[in-house]
Amino acid sequence: MEKCYICERGNLEKKKVDYKLYGESLGKFNAEVCDKCGEVFFDEEISKRMTQIAKEKGLWGLQTKTKIGQAGTTLDIRLPKKIIDFLNLQKGKEVEIYPEGKNKLVISI
């Protein structure tokens, strides 16, 4: 068996792995998985297929950076049009926000 490229201790096992992008499943794909550290490796053809599926589902390129602004005494966050369209957000729609730890802000619609 081949050794893991990352931890170099575990053996790579062939498995079907459910791959998710932004919480959306792209499907189950053949991969090599380390039996020690759990690292997952896909071959180039599988990676290309996953990219194509992500584009078809409108998930490709959704991640972006934005800056915190200020409106009066409150702070605001501007959302890019791609995310607005993907989530079908409308002005006035109520959302729930909460911190998850010290470094993550979750917005639920």
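Q: Which order do the strands of the open sheet of 3 strands have, and with what pairing?
A: Strands are DSSP runs of E with at least two residues, helices are runs of H or I with at least four, and both are numbered from the N terminus. Two strands pair if DSSP finds at least two bridges between them. In this predicted model, the order in the open sheet is β1-β2-β3, and the pairing is antiparallel. β1 (12–21) and β3 (40–41) are the edge strands; each has a single partner strand, so one side of each lacks a neighbour in the sheet.

Q: How many bridges join β1 to β2?
A: The antiparallel strands β1 and β2 (residues 24–34) are joined by 10 bridges. Contact here means heavy atoms within 4.5 Å.

Q: Is L26 buried or exposed?
A: Burial is read from relative accessible area: buried means under 20%, exposed over 50%, and partly exposed in between (1.4 Å probe, protein chains only). L26, in strand β2, counts as buried because its relative accessibility is 7%. Leaving aside residues up to four places away in sequence, L26 touches Y19, L21, M50, I53, A54, K57 and L59. As for M50, it is 24 residues from L26 in sequence, yet the two C-alpha atoms are 6.7 Å apart in space.

Q: Which residues make the nonpolar surface patch?
A: Patches are made of residues with over 30% relative accessible area and no salt bridge; like charges are joined within 9 Å, and nonpolar side chains (Val, Leu, Ile, Met, Phe, Trp, Tyr) within 5 Å. Accessible areas come from the Shrake-Rupley method with a 1.4 Å probe, and for residues only the protein chains shown count as cover. Here I68, L75, I77, L79, F86, L87, V95, I97, L105, I107 and I109 form a nonpolar patch of about 1,000 Å². At least two of the patch residues come from each of β5 (74–77), α2 (81–87) and β7 (105–108). L75, for instance, lies in strand β5 and counts as exposed because its relative accessibility is 62%.

Q: Where does a residue other than glycine show a positive phi?
A: E8 has a phi near 60°. E8 is in the segment before β1 and is exposed, with a relative accessibility of 61%. N88, also not a glycine, has a positive phi of about 55°; N88 lies in the loop between α2 and β6.

Q: How many salt bridges does a search of the whole structure find?
A: A salt bridge is a side-chain nitrogen of Lys or Arg within 4 Å of a carboxyl oxygen of Asp or Glu. The search finds 6. Among them, K15 meets E13 with the closest N and O atoms 3.9 Å apart; K15 is partly exposed at 41%, and E13 is partly exposed at 27%. K104 and E100 are joined at 3.6 Å, N to O.

Q: Which residues are linked in a network of salt bridges?
A: The network links E44, E45 and K48. The K48 and E45 side chains meet at 3.9 Å, N to O. Both residues lie in helix α1, 3 residues apart, about one turn of the helix. K48 is partly exposed at 48%, whereas E45 counts as exposed at 56%.

Conventions: Residues numbered from 1 in each chain as written. Predicted model: local features only at pLDDT ≥ 70, side-chain atom pairs only at ≥ 80, totals over all residues. Heavy atoms only, no water.
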